[in-house]
Amino acid sequence: MDGTGSTRRGFIGGAAAVAAAAGTTALGGGRAAAAPRRRSGGRSVAVLGGGVAGLTAAHELAERGFQVTVYEKKAPGGKARSMDVPGSARGNRRPLPAEHGFRFFPGFYRNLPDTMRRIPFPGNAGGCHDNLVPSSEELFARIGHEDIRLPFHTIGEPPAVLTPDALRRALIGFFDAFGNIPATEMAYFASRMLVWFTSCERRRLDAWERMPWWEFIRAARMSPNYQRLLAIGITRNIVATKAEVASTRTVCTCVEAFFLNVLGRGADGEPDRVLNAPTDEAWIDPWVTYLRSLGVTFRVGWTVRDLRLEGGRIAEAVVQDPAGARQSVTADHFVSAMPVEHARTTWNAQVRAADPQLGRCDELRTDWMTGIQFYLTEPTPIVHGHINHIDSPWSITSVGQAQFWSGRDFPAQYGDGVAVDCLSADVSEWDRPGILYGKTAKQCTREEVAREVWAQMKAGLNDTGRTVLSDASLHSWFLDPAVEIGGPRPANDEQLLIHPVGTWFNRPQARTAIPNFFLCGDYVATDIDLATMEGANASARAAVNALLDEAGSGAERCAVIPLYRAPELELFRATDELRHRLGLPNALDLG
C-alpha cells in the first residue's frame, strides 16, 4: 500500500511503541492555440468543476438540450466520490473502497433526492435514490460516562398540530434522551429553540446570523453534559461546525429541518440515510454514465487556471490539461462549479471588478474535515448508524459501512479477502493536541494521524470494559490523499466551508453581473444555509435557471425546493416581523 495508508502490522507495532513510551494502553507547458469557438445558438456550456454542483448543472442543462462539457481536476463526484485504495486488490476483487468522508443524506434533503431519482440504476424503479437506506440509531460514545444510544428515525405519533406548546413537549422529549442533562437546562434549551421556530426571517438574519450558537443557547453557563451533548454534539453531527463560533442562523436552520424531519413533516425519508454500496458504485458512476448518454463530455484531469473577460462577458477559460499544457476553452456560457477556495483563484482582477460579490467570497472561510478509513478483519456493526465520539479531542464521527451494503459480499468483492468491514471516520478538529503524541493532527505524520484516530475511537468505545475495537482486528487504514502533512506546511486540497457568524453576508448568488457567468457550489447562497451536497445541488439548479433566463430559453425551469416550513407557525412569524420592526424581542424570548 502507498503512503496514504498502512497495513496492520506496521500500524499496531508503531502504536504499541508510542503507547508504551507514553504509559498508555495502545490504542508546465506552453499555451496551446485557441480552439475555434463552437456556435450552437447560444447553447454550449462549459461547466468548471465536476463535483455534486457541476454534475447537477450538467444534468439539468443536458436534459434541456444544451451541449455541455465538464472540466474536472481529479474525478467526477468531487468530495462526494469514493476512491480506490492503491495496491489493495487481490485476485479478481476490486480495490478496497475509500472516500474523502462518509456520505450522510438527511431526510430533509429534497433537491438532491429528486436528482437521484432521475439517475437510472439497473433494477431500481426509483433510480439511484433507491440505493439510500436508513439507519435506525446513533451512538454518543463517552469517555468516563455511559454511552448514549439514540433512536434516529421519525417518531411514531407526531403532534397533529405544531403549536409552541406541542413543539416544546416534543423537543424536550426528544433531546432528553441525550442523557444526564438537568431538567431546567433542557427546558431552557427547548425555549431557545422555540424562539428560533417563531422568529421571522428578518430577525433570523439581523440577529441570529450575528450571534454564535454557543451564546444563543447560553452554553457557557450550563453543565458539562449540556455543553458536550447539546451545544457541541448537535453542531458536530448535523452541521459539522464548531459550536463556539458557528452562526446561530446556520445551526438552527438545520436543527429545525432535522427536527421537523423527525416529526415526519415535509421530508423525503428517514432523518439519517446512507448508501447501500460505495458512493461511486451506488451513485456517481451511474450518474456519469447517464450524463454521457445525454451527450455530456468530460475532461478529467483538466484544471481551471483563469477566466478572460472581453466585452463584459467571459470569452474563455484558461485550463491546464493532464499533460500540463495550457488550453483555451470557449463556450457561450460558463458555470463555475468549483469549491470556493479553488474558484476564487480563477477570478482575476477584471472578473472581480465586474461583480463585487466575487470579492466578498474572499471572506468565506474553510477548514479541514477529512476522512480516514479503517479496514477490519471482523464484522464490527457497533451501532446501526453513526457514532459521535463526543469526547474525542479531534471531534471524530464514524460509521460502520458493511452492515449497510446488503448487496455486497465485502471479503469476496474487495481487497485481499481478509478485510470484511470498513469503519469510515471523519476528523473535524485538526488543531488540538491528541492523546498519544500531544500533537495536533496537522503536526502529525500520516501514520501518527491514523494511530491517534484509532486510539481516540478506542478510548470511547472500549471505555466500559468491553472490547469493541480490537487491535487484532485491524487490517489496514487509508487517509484521504488530499491531505499533505508531516512537513513544515500542512495542506489540504479538499476543505470544507465553515459558517462562523456573518458568513451569510458574503455568500454569493448563483447569477453574477457577468451575463454568461454563473456560480454553483456549496458556498453559494441557498435555502439550507449550510455547506452540503443539498446546497450544492440547489445552487446548481438556481444557476441553470439563471442561465436559461439569460439565454432566453423556453425550457422548463428547474424546481428549487425550499426547506419545509410548518404552516402552523406562520402567524407567530408574522407577529414577530412586526415586533422586530418595532425593536422588540421575540415574544417567547425571555432572555
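This is a predicted model: local features need pLDDT of at least 70, side-chain atom pairs count only at pLDDT 80 or more; totals for chains, interfaces and linings use all residues.
Side chains of opposite charge can pair when their charged atoms come close. In this model, the count comes to 42 salt bridges. One of them joins the side chains of Asp589 and Arg192, with 2.8 Å from N to O. Asp589 belongs to the segment after α17, whereas Arg192 sits in helix α5 (residues 183-197), so this pair ties together parts that are 397 residues apart in sequence. Arg192 counts as buried because its relative accessibility is 2%, and buried means under 20%.

Arg204 and Glu201 form a salt bridge whose closest N and O atoms are 3.6 Å apart. These two residues of α6 (residues 201-206) are separated by about one helical turn, because they stand 3 residues apart. Arg204 is buried, at a relative accessible area of 6%, while Glu201, at 38%, is partly exposed. Asp206 and Arg202 form a salt bridge too, and here the closest N and O atoms lie 3.0 Å apart. Both residues are again in helix α6, with 4 residues, or about one turn of the helix, between their positions. Asp206 is partly exposed at 28% relative accessibility, and Arg202 is partly exposed at 39%. Elsewhere, salt bridges with shared partners link Glu60, Glu63, Arg64, Asp114, Arg118 and Arg541 into one network.

The packing of two helices comes next. The axes of α2 (residues 52-62) and α16 come within 8 Å and cross at roughly 40°. The two helices are therefore oblique to each other. The crossing of α2 past α16 is right-handed.

Arg218, in the loop between α7 (213-216) and α8 (224-239), has a phi near 55°, a positive value in a residue other than glycine. Asp529 also has a positive phi, near 55°, and is not a glycine either. Its loop runs between β24 (517-519) and α16 (533-551). Asp529 counts as buried, because its relative accessibility is 3%.

Finally, the surface carries a nonpolar patch formed by Leu578, Leu582 and Leu584, which together have about 290 Å² of accessible area. Leu582 is found in the segment after α17 (570-581). With 58% relative accessibility, Leu582 counts as exposed, since exposed means over 50%.

How values were computed
Residues are numbered from 1 along each chain as its sequence is written. Side-chain values use heavy atoms; hydrogens and water are left out. Patches are made of residues with over 30% relative accessible area and no salt bridge: like charges are joined within 9 Å, nonpolar side chains (Val, Leu, Ile, Met, Phe, Trp, Tyr) within 5 Å. Accessible areas come from the Shrake-Rupley method with a 1.4 Å probe; for residues, only the protein chains shown count as cover. A salt bridge is a side-chain nitrogen of Lys or Arg within 4 Å of a carboxyl oxygen of Asp or Glu. Buried means under 20% relative accessible area, exposed over 50%, partly exposed in between (1.4 Å probe, protein chains only). Axes are lines fitted to C-alpha atoms, for helices over the stretch in contact, and angles run from 0 to 180 degrees between N-to-C directions. Angles under 35 degrees count as roughly parallel, over 145 as roughly antiparallel, 65 to 115 as roughly perpendicular and the rest as oblique. A crossing is left-handed if the near helix is turned anticlockwise from the far one by less than a right angle, and right-handed if clockwise.
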